2 protein chains.
Amino acid sequence: MSHNGSAGYTLPPLGLNPSTTAAGTTPGSFAKRGQIAPGAEGRWTFASPDTPGMPQPSDKTAWDFLPEGWKTQVLSFAAECIDFAPGQTSVIFRQSDQSLRKVEFPATFRPITQLEQARVGIVSAQMQRVSEREPHLSAVQVRDEVGAGRMVIPANTVHLGYQLDPMAIGRASKTKINANMGASPVSSSTDEEVEKLKWAEKWGADTVMDLSTGGNLDECRDAIIRNSNVPIGTVPIYSMIIGRKLYDLNHEMILESLKHQAKQGVDYFTIHAGVLREHLSYVKDRLIGIVSRGGSLLAKWMIDHGQQNPMYVLWEEICDIMREYDVTFSIGDGLRPGGLADATDRAQLAELSTLGELTERAWRKGVQVMIEGPGHVPFDQIEYNMKLQRTLCHGAPFYVLGPLVTDIFPGYDHITSCIGATSAGYHGAAMLCYVTPKEHLGLPKKDDVKQGCIAYKIAAHAADVALGIPGSRDRDDELTKARAALNWEKHFELSFDPDTARAYHDEDLDVDTDFCAMCGHDWCSVRISKEIVEFASGKDDAFQWDKAKVSQALTDEQKEILEKRGVLSPQEIHRLAAKTKKGVKADEGKANCHSDFVDDETAKKIQSSVELVELKI
Amino acid sequence: MSHNGSAGYTLPPLGLNPSTTAAGTTPGSFAKRGQIAPGAEGRWTFASPDTPGMPQPSDKTAWDFLPEGWKTQVLSFAAECIDFAPGQTSVIFRQSDQSLRKVEFPATFRPITQLEQARVGIVSAQMQRVSEREPHLSAVQVRDEVGAGRMVIPANTVHLGYQLDPMAIGRASKTKINANMGASPVSSSTDEEVEKLKWAEKWGADTVMDLSTGGNLDECRDAIIRNSNVPIGTVPIYSMIIGRKLYDLNHEMILESLKHQAKQGVDYFTIHAGVLREHLSYVKDRLIGIVSRGGSLLAKWMIDHGQQNPMYVLWEEICDIMREYDVTFSIGDGLRPGGLADATDRAQLAELSTLGELTERAWRKGVQVMIEGPGHVPFDQIEYNMKLQRTLCHGAPFYVLGPLVTDIFPGYDHITSCIGATSAGYHGAAMLCYVTPKEHLGLPKKDDVKQGCIAYKIAAHAADVALGIPGSRDRDDELTKARAALNWEKHFELSFDPDTARAYHDEDLDVDTDFCAMCGHDWCSVRISKEIVEFASGKDDAFQWDKAKVSQALTDEQKEILEKRGVLSPQEIHRLAAKTKKGVKADEGKANCHSDFVDDETAKKIQSSVELVELKI
């Protein structure tokens, strides 16, 4: 940077620039300047700089945990590439850094999972689609990340036959969010569950977990899978103990149930195989024991039976079932902390170590793996948690719940946790499981689902920008330009939730003019800044607009938003919703007689009339 | 830690433990183990560990910027301490680390400001009060921090004559939050302003800024000062240009206006003296120029007059006025970025450098100083911004606005910014200026003020816990214990917003029993965990409760919260609000005939009735 050192400051090392055009005046990201690269070379991308004492990334990848009878090497030279074909025993393919990888395998091998396809050099249609959806990644890079185990594409082969739009989870791709649904012990109808699914998709959920524990589980799961564009995850132990006592659960029932759900098309399974008998004594002095449902059920089973966790014991058999349909593992953290007081403790870390072992074993079976993480973690401990997982699980994607950074704000845990989630994403997590305002209190309602999704889209997006993922800041910059030009319509169009932004604006001032009700005309710094002739600010041609004009009538969504806020009178909301009816193509004769345009002086007067702008408190 | 290295993981260096009793199983904070210490020794407390390339703290303090004719040294020995008395020319006093400091000064000197009192060894009543409010600090430590310039106690001597409860801002104390009010160009009545003040105080605002720009400014400011328990800040340039053209503003008017407000009892002034003429060219290529109101007004003034910033030119005279009433500086950052694209740029950092110079000059005048900071900053750049300020401004408290970590979520900027604020607090900011959901869109309403305050209490508290400030986690731990014991009443009592927590709970299930509507009886991990005999979880005697019982009737506040959510029907809300009337001492005969207690079986049945727990979407 040219201004380094010129006035008593030096910038830290610069990473990539999250803006495609390096817009504005900010330097690039201060994250590590990683390179997307195949094998262990790519273990830093995208990564935050390490504070002292942080575990370094593992120098192993899924390539180090191949099935028996497999071998691989990177060649210095090869006459030609060899594509996979049935019956062959080796392939040679070019990786994204142009190096050549040779892989040898038994003649009977036929690839099923995305990991297996990557291992024999295949760029699958799903990898191709991921690269289309994330233009900063080439399809070959996607394949290399999947092959290294650092990325998963949860896409059950059955679900691919329906409407699944393949997506990827991994630190080289954009940060994803998950929304949970169906958590009721009383089933709602299948139609309602599908409606919930669509609502979560609308608000940006990248995957959805069906956590139903009642009603016609099977029919419902089937309907969700058939209707979803996003991958569907489940926690199969829930359906295993429906209609029976936990004590009666046995190995056969477990495998049976997994087989059934795999066949239905579930894309990923949360399996709490890492909670071992020997870990339970570490839980003793916690303030709040075990807060994972799957974890607590398995702990009780182990204590009652005096036996090891059946999921751990059956791991290889489970892998075989999952491989057949390419179900991805989301290895559950049954010992995640349920309060700040229990974070990063021996129980949690001992389990994480076991999750690393399970990752290696799953990779040897050709199954894709992601790892679940906490929970409730103080802000200072988040980076360590992310980086320790990266080490112990060799870069397998980390899928975390929050974490909440304080315990004393029930009713606001979408906020307490999206703070932790942003930090988690920046420091290494690849997917963030949302938390709604109803967390700890009851069942999320429609608006809670929306609030949870939005808080997590904020977290995921903020992490992507911070990591310098190319292009991730472009929409922010567009919105900033619209803001500088005082172009309200474009401002709202570029907003994540345009209806809310528009409704809040119109609540005070239903005229789009060169100021807003926050500061008023005379005090608008953006307007003043725009007037200063030597500044480029707010002068971008594409963002200019003509005149102050009366905004369109409120839509039903916007009306509902204002009604829920309960600030304006029903009459006032009705007026805003009816107004000139421009929004609904002037269906009243009178509307056409009135100009939608307002001169600046009138706009100023409107804005300063007590009725519209007074801070009503 | 005993578990270091036992399973493939080593913990980073441990800081202090934010729990008084080291409750639970988590290790201490991973922040730096700082020590509160006088002079430059204390520059690390409380601090996050540095990522590579971070500026190191200045080794200078306010002791290095004494007025002319002053001298100080730390003595290796002194026969006795010498207290301050008028007419003297030196004092010797014992600092918090038991070292002795000698200070020499002119015989005419009489201390007025807290900084001046600290400089001559006085532990003021205000410092005493701060130590009572923050038990982790002794009064002598408070004095030493104030003397080093790392802490301010904004307490105008006039305001002290009313109802001000002295508080401190500085990184050795707990993180504070500020709420803005009165931003309307149309004045609301004085009574309404006072009501807003009380509302902000209720929701935890540690200071309040009166940003009124219309109405009877003087009368209103006076009423606010007389009625507030918290320090009041203003941006005096606003009232300077009321009723006149900006162009006509001159040096005399500026000093006049400042004198007037100082005399009224304002505790701190935001003065944008750091925006210099020579910085304006750096703003040219920004996407959104200048977004500080004070900054844009002064930029326009400088351009129109072809002169330097009058606040900068008049700095020493301004200091003299402020010293007389002990008004604290909040030196404004007129060039703070208004979008991610403009963050940490040359304009911003050049101004910050000037703010450092102004800090030194103010300290030489005996005036307390804090510094204002951004704004909109990507998550990766926050640490650097905080640490550069610590360097350039020699540890003067940093008071930041957010920062927002993304631009595309208008309507949710209390969330986008409290993420940044948490990181800012952890990395060095001492006070966080709230942002409400209406930011960028319009005037905050009553509920917006509440939402803004709560988001920022979350940020401040999360930062305190993360930094390991002793005792800061105690309430979280108490709530976790209540949660583990499934003691709902205590759970809500310990919540920051008990009404919201209770209302959300009762929306689904108006019975307090050993589960909640989230998972239901059979699926409650906390209940299962509690049943596992070898766990301590949920067995704390003080947190036990007897039986499942019907919760109290909803209060008016709780009723209103449910009404605004718009999930339940008015009839259902009415039922919850009337119920057994236990909450209002059973004023209906019938209530007494019904038991408030419910047996577990009934509770289970209630919980699984479709009407109450179904996820209505």
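## Contacts around B:Val291

Contact is taken here to mean heavy atoms within 4.5 Å. The structure described is a predicted model. On that basis, and leaving out residues up to four places away in sequence, B:Val291 touches A:Ser525 and A:Val526 as well as B:Arg336, B:Pro337 and B:Gly338. The residue is found in the loop between helix H9 (280-283) and helix H10 (293-305) of chain B.

B:Val291 counts as buried because its relative accessible area is 17%, and buried means under 20%.

## B:Leu280 and helix H9

B:Leu280 is found in helix H9 of chain B. With a relative accessibility of 9%, B:Leu280 counts as buried. Apart from neighbours within four places in sequence, B:Leu280 is in contact with A:Phe535 from chain A, and with B:Val275, B:Ile290, B:Ala299 and B:Ile303 from chain B.

B:Leu280 and B:Val266 are 14 residues apart along the chain, and their C-alpha atoms are separated by 30 Å.

## The segment around B:Ser29

B:Ser29 lies in the segment before strand E1 (71-75) of chain B. At 1% relative accessibility, this serine is classed as buried. Its side chain reaches the backbone nitrogen of B:Ala31 at 2.8 Å.

When neighbours within four places in sequence are set aside, the contacts of B:Ser29 include A:Asp380 of chain A. Within chain B, B:Ser29 is in contact with residues including B:Pro13, B:Leu14, B:Gly15, B:Leu16 and B:Pro18. Further contacts of B:Ser29 are made with B:Val465, B:Ala466, B:Leu467 and B:Gly468.

## The interface between chains A and B

In total, 162 residues of chain B are in contact with 162 residues of chain A. The two chains bury about 13800 Å² between them, and 68% of this area is on carbon and sulfur atoms.

A salt bridge joins the side chains of A:Glu507 and B:Lys438, with an N to O distance of 2.5 Å. On the side of chain B that touches chain A, helix H16 (residues 446-467) gives the most, with 12 residues.

## Aromatic pairs

Over all chains, the count comes to 30 aromatic pairs. One of them is formed by A:Trp203 and A:Phe496, which are tilted, with 6.3 Å centre to centre and 50° between the planes. This pair links distant parts of the chain, 293 residues apart. A:Trp203 is in the loop between helix H5 (190-202) and strand E7 (207-210) of chain A, whereas A:Phe496 is in the loop between helix H18 (488-493) and helix H19 (498-508) of chain A. A:Trp203 is buried at 8% relative accessibility, and A:Phe496 is buried with a relative accessible area of 19%.

In chain B, B:Trp203 and B:Phe496 form a tilted aromatic pair, at 6.3 Å centre to centre and 50° between the planes. B:Trp203 lies in the loop between helix H5 (190-202) and strand E7 (207-210) of chain B and B:Phe496 in the loop between helix H18 (488-493) and helix H19 (498-508) of chain B, so this pair ties together parts that are 293 residues apart in sequence. B:Trp203 is buried, with a relative accessible area of 7%, and B:Phe496 counts as buried at 18% relative accessibility.

## Aromatic cluster and charges over rings

A:Trp70, A:Phe84, A:Phe105 and A:Phe109 form one aromatic cluster. Elsewhere, rings are faced by arginine side chains. The charged end of A:Arg101 sits over the ring of A:Trp63, 3.9 Å from the ring centre. A:Arg361 lies over the face of A:Tyr312, at 5.0 Å from the centre of that ring.

## Helix H22 of chain B

Helix H22 of chain B spans residues 570-578, and its buried residues are B:Glu572, B:Ile573, B:Leu576, B:Ala577 and B:Ala578. Just after this helix, B:Lys579 takes a positive phi of about 30°.

Conventions:
Residues are numbered from 1 along each chain as its sequence is written. Chains are lettered from A and ligands numbered from 1 in the order in which they are written. This is a predicted model: local features need pLDDT of at least 70, side-chain atom pairs count only at pLDDT 80 or more; totals for chains, interfaces and linings use all residues. Side-chain values use heavy atoms; hydrogens and water are left out. Rings of Phe, Tyr and Trp (its six-membered ring) pair if their centres lie within 6.5 Å; planes under 30 degrees apart count as stacked, over 60 as edge-to-face and the rest as tilted. Helices (H or I, at least four residues) and strands (E, at least two) are DSSP runs, numbered from the N terminus. Buried means under 20% relative accessible area, exposed over 50%, partly exposed in between (1.4 Å probe, protein chains only). A charge sits over a ring if NZ of Lys or CZ of Arg is within 6 Å of the ring centre and within 35 degrees of the ring normal. Buried area is the accessible area (1.4 Å probe) that two parts lose on being put together, summed over both. A salt bridge is a side-chain nitrogen of Lys or Arg within 4 Å of a carboxyl oxygen of Asp or Glu. A polar contact is a pair of N or O atoms within 3.5 Å; within protein, one must be able to donate a hydrogen and the other to accept it, and residues adjacent in sequence count only if both atoms are side-chain atoms.
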